Amino acid sequence: MNDLSKADLDTAAQDAIKARCRVAVLGAGPAGLAAAYRFAKREDASVEVFERAPGPGGNSGSFLMEGIWCDYGSHRFHPVAGPEILEDLHDLLGDDLLLRPRHGRIRLGGRWIKFPLKPGNALVKLPAWFGFSLLRDMVSKRFKTSARAETTFAGVMKAGLGQTICEHFYFPYVTKLWGIPPEDLDAELAHRRVSGNSVGRILRKMLSQLPGVRSPTAGRFYYPRRGFGQIMHAMADACEAEGVRFSYGAGISRITREGQKITGFDATIDGQDRRVSADQILSSIPLTTLVSLIDPPAEEAVRDAASRIRSRGMILIYLVLETDQFTEYDAHYFPELSIPVSRLSEPKNYSAATEPKGRTILCAELPSDPGSEHWGMDDDRLGAELVTWLGEVGLPVKVPVLKTITRRLPNAYPVYARGYADDFRTVDTWLSSLDGLVTFGRQGLFAHDNTHHAFATAYAVEACVRPDGSFDKETWAGHRKDFESHVVED
């Protein structure tokens, strides 16, 4: 057999590249990165990721502040993730992936209780009136309607848990998080966002923490040495090593369609306009943004439905303190409305970091929307307000505040307001009818999910892209059904 010439080999290589299915991933958050990572292992696909930000990770990224790795709020990777996902995570991070104990507190009845709840601590710390009220609710709730028959968040939670824990925990907490009363939130929020939406579930979770019963990972979480975003950077690096191309600072101006077929999109990258074509465009960007980019646009009913779908914003307030450690706890939860922030975390405690000496950082999560009073405050004002709020709930800041820095996230949580399901179904049905375009991930599916759930959607969407570039819609529909069982881990 004659040896192939270099020209023949070059031509064969070019033909092999042309034969690959072309995949464009929109968004380099957890879902987009996980999808790219899975495609990077395939020899039959070429992948490019388009991200508006200057780097990977999205809201799950990390950054250095005063020598301390900080996240965009409190992030954990839960051990309940699928084995394939955990195996990839260990391969990516090795010894840098730490298994850390949960060590948080929550204010209930004006007292600090360990969180996640532990039976002994709850019995000792909860006020007597709180415990008696819970027992009363447990006895009386069996005569009430089924939680599944309820149509609002308030109805589901009251039917499942009773009045006491709803009025003193869930109802003020969700009012703070989403900015609307629990009666105006859809029942789906209780099914997808609250893992302990019945007394039985709460008790089972508490009992699972007991010695001799708990699993090796119960009450623990995975966390990287250099912040949660280390997962995202490690995944992006692994993708690039396998030839995945990343286009950061990419502004997408138009996604074109011909009938029910998406044919490509226009993007501006580093000041250069570019036309991108692909066999499959996998979108993890907010679905409302996606709808607004498609040209010709959807019919008016779809556009109107998209306009009513909204997300809740978040301001992250970082206090740099002149001390080694503020408290021993990784996170404090504030369900009461008397303090505007919902959670306070201390990044050094997540990774057990001891350096730098004489410095720690607190990260407070303040639910807020663009245009609100807090959204318009400058950093120093927000820092001063936070110090006041903490003092009012028994967490006085007695050390010098060296600096206050804030970050604003306009799309932190999807809002499951009553009626949202009809609007989402209208938009999702139209998007799903288009060939060459698939939505996935938290933003793409408008889902209240953890990071491991976002990874699961990415692994599933990759598996549905065939070598010839077509998409297995039937299998994807089955995965979408499975995603409905995802419940956020507290």
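The model is a predicted one, in which local features need pLDDT of at least 70 and side-chain atom pairs count only at pLDDT 80 or more, while totals for chains, interfaces and linings use all residues. Residues are numbered from 1 along each chain as its sequence is written, and side-chain values use heavy atoms, with hydrogens and water left out.

I will start with strand 6. Helices (H or I, at least four residues) and strands (E, at least two) are DSSP runs, numbered from the N terminus. I call a residue buried under 20% relative accessible area, exposed over 50%, and partly exposed in between, with a 1.4 Å probe and protein chains only. Strand 6 covers residues 104–108, and because five of its five residues are buried, the strand is largely enclosed by the rest of the structure. Gly104, Ile106 and Leu108 point one way from strand 6, and Arg105 and Arg107 point the other way.

Which strands pair with strand 6? Pairing here requires that DSSP finds at least two bridges between two strands. Strand 7, residues 111–115, is antiparallel to strand 6 over five bridges, and Leu108 stands opposite Arg111 there. These two strands form a hairpin with two residues between them, and Gly109 in the turn has a positive phi of about 60 degrees. Strand 16, residues 331–333, runs parallel to strand 6 over three bridges, with Tyr333 standing opposite Ile106.

Arg105 also brings us to charges over rings. The criterion is NZ of Lys or CZ of Arg within 6 Å of the ring centre and within 35 degrees of the ring normal. The charged end of Arg105 sits over the ring of Trp112, 4.5 Å from its centre. Arg76 lies over the face of Phe221, at 5.1 Å from the ring centre.

Next, salt bridges. Side chains of opposite charge can pair when their charged atoms come close. The cut-off is a side-chain nitrogen of Lys or Arg within 4 Å of a carboxyl oxygen of Asp or Glu. How many does the structure hold? There are 26 salt bridges. One of them joins Asp295 and Arg254, at 3.5 Å from N to O. That pair links distant parts of the chain, with Asp295 in strand 14 (residues 294–295) and Arg254 in strand 10 (residues 250–258), 41 residues apart. Asp295 is partly exposed at 30% relative accessible area, and Arg254 is partly exposed at 34%.

Asp266 and Arg275 meet at 3.2 Å, N to O, in another salt bridge. Here Asp266 is buried at 18%, whereas Arg275 is partly exposed at 39%. Lys481 forms a salt bridge with Glu484, and their closest N and O atoms are 3.7 Å apart. Lys481 is exposed at 57%, and Glu484 is partly exposed at 46%. There is also a network of salt bridges linking Arg38, Lys41, Arg42, Asp44, Glu84, Asp88 and Glu462.

Now the aromatic rings. A pair of aromatic rings is described by the distance of the centres and the angle of the planes. Rings of Phe, Tyr and Trp (its six-membered ring) pair if their centres lie within 6.5 Å; planes under 30 degrees apart count as stacked, over 60 as edge-to-face and the rest as tilted. The structure holds 21 aromatic pairs. Phe63 and Tyr318 form an edge-to-face pair, 5.4 Å centre to centre with 80 degrees between the planes. Phe63 lies in strand 3 (residues 62–65) and Tyr318 in strand 15 (residues 311–321), so the pair links distant parts of the chain, 255 residues apart. Both Phe63 and Tyr318 are buried. Phe246 and Tyr248 are stacked, because their planes lie at 20 degrees, with the ring centres 5.6 Å apart. Phe246 is buried at 11% relative accessible area. Tyr416, Tyr420, Phe424 and Phe446 form one aromatic cluster.

Last, the cysteines. How many disulfides does the structure hold? With a disulfide taken as a pair of cysteine sulfur atoms within 2.5 Å, the structure holds zero. For Cys363, the closest cysteine sulfur is in Cys70, 7.2 Å away, which is too far for a bond. Cys363 is buried at 1% relative accessibility, and Cys239 is buried at 0%.
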